[in-house]
Amino acid sequence: PVRLLGCSDGAIVALLTAASRPDLVSRLVVIAGPAHHHGWYPGVIDESTEAPEFMHTMYGEVSPDGISHFPVVLAKMAAEHLVAPAMSADDLAQIACRTLIMVADDDEVQLEHALEMYRALPAGELAVVPGTSHGLLVEKPDLCNRIIMQFLAEDPVETLAPLRRKTTS
């Protein structure tokens, strides 16, 4: 089992992996990615979706098709985002590993959706990074890295007044 992290579309892949192969994932970090396509803000993902220039450049550096093919990839992603992912709260409830949902306070993923994900996950934790957008990892890398590393490297703290994680004896 591994500790798995994904951001945006990578977060979707990570969620689907944890749901379909729980034996492979010991901890999960989901950054700025929805469990259901309705979790994106309306109009954020459509056929006119554009990506920052640095993403075009990075794609061009590794793609055998070159930088000019990136708009084709963006169009395919936009079409897929209209129908997938489609995980339900029941699907999320089957992910038993400790899971961190991390979003920006001004993300392309609706905060309400992130909260629904957090509540559906039996071992969910939630981090909302203030003053950031869907590019939170680039905008506040030190804060995001501290949160992620603490989650991945340390056991959870015993909380003083738990409600959701309250044990019943």
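Visitor: Leaving aside neighbours within four places in sequence, which residues is Leu-28 in contact with?

Guide: This is a predicted model. In it, Leu-28 is in contact with Leu-4, Ala-14, Leu-15, Ala-18, Ile-95, Cys-97, Arg-98, Thr-99, Leu-100 and Phe-151, once neighbours within four places in sequence are set aside.

Visitor: How do I read such a list?

Guide: Start from a general idea. In soluble globular proteins, nonpolar side chains tend to be buried together. Now the case here. The largest nonpolar core has 23 residues. Leu-28 is among those with the most contacts inside it, along with Leu-15, Val-30, Leu-92, Ile-95 and Met-117.

Visitor: Which elements each supply at least two residues of this core?

Guide: Helix 1, strand 2, strand 3 and helix 5 (111–120) each do. Helix 1 gives the most, with five residues. There is also a second, separate core of 13 residues. Its members include Ala-32, Leu-100, Val-129 and Cys-144.

Visitor: On to the sheet. In what order do the four strands come?

Guide: The general idea comes before the case. Strands of a sheet pair through backbone hydrogen bonds, either parallel or antiparallel. Here four strands form an open sheet in the order 1-2-3-4, with parallel pairing. Strand 1 and strand 4 (124–129) are the edge strands, each pairing on one side only. From one strand to the next, the twist averages 15°.

Visitor: How many bridges link strand 1 and strand 2?

Guide: Six bridges, in the parallel sense, between strand 1 (residues 2–7) and strand 2 (residues 25–31). Between these strands the chain passes through helix 1 (residues 9–20), and this β-α-β crossover is right-handed.

Visitor: Which residue in strand 2 is the bridge partner of Leu-5?

Guide: Val-29 is the bridge partner of Leu-5. Leu-4 stands opposite Leu-28 in strand 2. Keep one rule in mind as you look along a strand. In a regular strand the side chains alternate between the two faces of the sheet.

Visitor: Which strands does helix 7 lie across?

Guide: Helix 7 (residues 141–153) lies across strand 1, strand 2, strand 3 (98–104) and strand 4. It runs at about 160° to strand 2. With neighbours within four places in sequence left aside, Leu-152 is in contact with Arg-3, Arg-27 and Val-29.

Visitor: Why does Leu-152 count as buried?

Guide: Leu-152 counts as buried because its relative accessibility is 17%, and the cut-off for buried is under 20%. Sequence distance is another matter. Leu-152 and Arg-98 are 54 residues apart in sequence, yet 9.5 Å apart in space, C-alpha to C-alpha. Compare another pair. Thr-159 and Met-55 are 104 residues apart along the chain, and their C-alpha atoms are separated by 40 Å. Thr-159 is found in the segment after helix 7 and is partly exposed, with a relative accessible area of 34%.

Visitor: Where is Ser-8 found?

Guide: Ser-8 sits in the loop between strand 1 and helix 1. Its phi is positive, about 60°, although it is not a glycine. Ser-8 is buried, at 17% relative accessible area. Ala-32 also has a positive phi, about 55°, and is not a glycine. Ala-32 lies in the loop between strand 2 and helix 2, and counts as buried at 0% relative accessibility.

Visitor: Which residues does a cis peptide bond join?

Guide: Ala-84 and Pro-85, with omega about 0°. Pro-85 is in the loop between helix 3 (70–81) and helix 4 (89–93). Not counting residues up to four places away in sequence, His-37 touches Ala-84 and Pro-85, as well as His-81, Leu-82 and Val-83. His-37 is in the loop between strand 2 and helix 2 (53–62). At 15% relative accessibility, His-37 counts as buried.

Technical notes: Residues are numbered from 1 along each chain as its sequence is written. This is a predicted model: local features need pLDDT of at least 70, side-chain atom pairs count only at pLDDT 80 or more; totals for chains, interfaces and linings use all residues. Side-chain values use heavy atoms; hydrogens and water are left out. Two strands pair if DSSP finds at least two bridges between them. A crossover is right-handed if, with the strands pointing away from the viewer, the path from the first strand over the helix to the second runs clockwise. Axes are lines fitted to C-alpha atoms, for helices over the stretch in contact, and angles run from 0 to 180 degrees between N-to-C directions. Contact means heavy atoms within 4.5 Å. Buried means under 20% relative accessible area, exposed over 50%, partly exposed in between (1.4 Å probe, protein chains only). A nonpolar core is a set of buried Ala, Val, Leu, Ile, Met, Phe, Trp, Tyr and Cys residues joined through side-chain atoms within 4.5 Å.
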